[in-house]
Amino acid sequence: MDLLNTEALKKYFGEVHAVDGVSLTLRDAELLSVVGPNGSGKTTLVNLISGALKPDSGKVYFEGRDITGIPPHKRVKMGIGRSFQIPAIYENLTTLDSLLVSIFSNTNLSHVFYKTKDKFEKAKEEAINLLETLNIPLKLVGELPHGQRKLLDVAMALSLKPKLILLDEPTAGISLDERDEVMQTIVGFIRNQKIAAIIVEHDMDIVAEYSDRVIVMHEGRVLKEGGKEILDDGEVRRILIGD
Ligand SMILES: Nc1ncnc2c1ncn2[C@@H]1O[C@H](COP(=O)(O)OP(=O)(O)O)[C@@H](O)[C@H]1O
Ligand SMILES: [Mg+2]
């Protein structure tokens with residue numbers, strides 16, 4: 001069984017056909033990159049999969065189950081993680097507390113008072129491990145350099161142990177020399193944990209290095225799909241460069 005399927009997904013904003021009939025599949029532990037010029041519908045597609053947007057038509061299936069009508073927070077509980085784009089409130093929390101907030105906002109603790117302390121200790125241990133694995137220092141979020149902030153953002157999603165993680169431009173705004181390290185850290189972790197990922201990425205070197213499969217979007221549609229070799233296709237290059 002596929003982990004994720006989308007079936008003829010459509011989302012229009014007035015005249016703009018942001019996503020115009022996208023069908024895709026993703027297997028367990030597969031890393032799929034979504035590339036395409038600005039405005040080609042990549043973020044809209046990610047939002048349809050996370051549930052942040054409802055499609056005009058089409059379906060989303062996760063582990064064979066139709067989740068098209070299911071709200072985002074329930075999709076998170078089912079195992080679809082997404083990064084949060086750290087809100088300002090986290091600036092004054094430590095990296096560790098940020099992970100704990102993320103973990104406990106997704107746990108139902110109210111009925112298990114007697115177990116709460118154990119659960120907290122266990123969550124704390126897991127959060128510390130995650131910080132260590134991703135090389136994120138124990139600091140106030142406000143003191144982190146940009147690259148580590150983006151990593152923390154991803155770590156918050158990973159702390160919920162997703163089966164699939166959606167990453168919309170995880171290296172955006174990160175300097176060229178930091179980018180590779182950040183991607184290596186993220187991809188190393190998700191490969192190790194056998195988490196599937198859909199990654200929207202602008203940097204074609206990074207796409208070529210880390211993807212199992214690539215989808216090229218153009219005007220809301222999938223123009224081409226295949227291995228990383230499709231990045232060398234003439235039409236794909238024209239579209240990616242010529243926007
Ligand atoms: N909330 C919105 N309201 C109106 N138009 C939108 C909205 N979100 C995206 N669009 C439009 O849909 C198209 C696809 O946008 P988007 O999915 O953000 O593309 P990408 O992530 O590939 O740059 C663009 O033309 C964009 O202007
Ligand atoms: Mg986008």
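Predicted model: local features only at pLDDT ≥ 70, side-chain atom pairs only at ≥ 80, totals over all residues.
The protein chain falls into domain 1 (1-79 + 163-243) and domain 2 (85-161).

**Helix α4**

- Helix α4 covers residues 116-133.
- Its 18 residues should span 26 Å at 1.5 Å a residue, and the end C-alpha atoms are 25 Å apart, which agrees.
- Which residues of α4 are buried? They are Ala 127, Leu 130 and Leu 131.
- An α-helix has 3.6 residues a turn, so residues three or four places apart point the same way.
- The buried residues of α4 pack against α3 (95-104) and α5 (146-158).
- After α4 comes Asn 135, which has a positive phi, near 55°.

**Helix α5**

- From first C-alpha to last, the 13 residues of α5 reach 19 Å. That is close to the 18 Å expected at 1.5 Å a residue.
- Is α5 largely enclosed or largely open? Eleven of its 13 residues are buried, so α5 is largely enclosed by the rest of the structure.
- The buried residues of α5 include the charged-class residues Arg 149, Lys 150 and Asp 153.
- Gln 148 is buried in α5 too, as are Leu 151, Leu 152, Val 154, Ala 155, Met 156, Ala 157 and Leu 158.
- Packing partners of the buried α5 residues are β6 (80-82), α3, α4, β7 and α6.

**Contact between the domains**

- The C-alpha centres of domain 1 and domain 2 lie 25 Å apart.
- Twelve residues of domain 1 are in contact with twelve residues of domain 2.
- On the domain 1 side, α2 (72-78), β7 (164-168) and α6 (176-192) each give two or more residues.
- Which element gives the largest share of that side? It is α6, with five residues.
- By class, the domain 1 side has eight nonpolar, two polar and two charged residues.
- Both β7 and α6 are also among the elements that the buried residues of α5 pack against.

**Shell around ligand 1**

- The residues around ligand 1 include the run Gly 39, Ser 40, Gly 41, Lys 42, Thr 43 and Thr 44.
- Phe 13, Val 16, Ala 18, Gly 36 and Asn 38 are also around ligand 1.
- Two or more residues of the shell come from β2 (16-26), and two or more from α1 (42-50).
- The largest share, three residues, comes from α1.
- By class, the shell has three nonpolar, seven polar and one charged residues.

**Leu 240**

- Leu 240 lies in helix α8 (residues 234-241).
- Why does Leu 240 count as buried? Leu 240 has 20 C-beta neighbours inside 10 Å, and a residue is buried if there are 20 or more.
- Leaving aside neighbours within four places in sequence, Leu 240 is in contact with Val 35 and Pro 37.
- Leu 240 and Arg 179 are 61 residues apart along the chain, and their C-alpha atoms are separated by 20 Å.

Key
Residues numbered from 1 in each chain as written. Chains lettered and ligands numbered in written order. Domains from an automatic or database assignment. Contact = placed C-beta atoms within 7 Å. Helix = DSSP H or I, 4+ residues; strand = E, 2+ residues; numbered from the N terminus. Near = placed C-beta within 6 Å. Expected span 1.5 Å × (residues − 1). Buried ≥ 20, exposed ≤ 12 C-beta atoms within 10 Å, placed from the backbone.
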